[in-house]
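Colleague: Can you take me through the charged pairs and the core of this one? I have the file open.

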Amino acid sequence: MHVRRLREAHGLTLEELASRSGMSFRGVVYIEHGRRNPSLTTLIKLARGLQTEPSTLLAVFDSDDWSDV
């Protein structure tokens with residue numbers, strides 16, 4: 001859910017994020033839906049696609065509420 005919120009905040013579609021990240025559409029969908037845990041390399045790709053720092057993708061772990069993970 002965190003990736004989805006960031007993607008939507010950047011005004012990107014799934015297809016656009018996949019293209020910008022150099023990933024498959026299906027790979028992004030699986031990550032957004034929690035069906036796949038991204039590797040460090042994938043997190044870096046997603047961060048580049050979102051034009052943000054990789055730490056932004058991990059910021060969800062800074063809170064005590066991990067219900068979105």
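Predicted model: local features only at pLDDT ≥ 70, side-chain atom pairs only at ≥ 80, totals over all residues.

Colleague: How many salt bridges does the structure hold?

Modeller: There are two. One joins the side chains of Arg4 and Glu8, at 3.0 Å from N to O. In the other, the side chain of Arg7 meets that of Glu32 at 2.5 Å, N to O.

Colleague: Where do Arg7 and Glu32 lie in the chain?

Modeller: Arg7 is in helix 1 and Glu32 is in helix 3, which covers residues 25-32. They are 25 residues apart, so the pair links distant parts of the chain.

Colleague: And where do Arg4 and Glu8 lie?

Modeller: Both are in helix 1, residues 2-9. They are four residues apart, about one turn of the helix.

Colleague: Arg7 and Glu32, buried or exposed?

Modeller: Arg7 counts as buried because its relative accessibility is 7%, under the 20% cut-off. Glu32 is buried too, at 6%. Arg4 is partly exposed at 35%, and Glu8 is partly exposed at 44%.

Colleague: On to the core. Which residues touch the most other members?

Modeller: In the largest nonpolar core, which has 15 residues, they are Leu17, Val28, Leu46, Leu50 and Leu57.

Colleague: Which helix gives the largest share of this core?

Modeller: Helix 4, with four residues. Helices 1, 2, 3 and 4 each supply at least two.

Colleague: What does Leu46 touch?

Modeller: Leaving out residues up to four places away in sequence, Leu46 touches Leu17, Ser21, Met23, Val28, Ile31 and Leu57.

Definitions and conventions:
Residues numbered from 1 in each chain as written. Heavy atoms only, no water. Salt bridge = Lys/Arg side-chain N within 4 Å of Asp/Glu carboxyl O. Buried < 20%, exposed > 50% of the residue type's maximum accessible area, 1.4 Å probe, protein only. Core = buried A, V, L, I, M, F, W, Y, C linked by side-chain atoms within 4.5 Å. Contact = heavy atoms within 4.5 Å.
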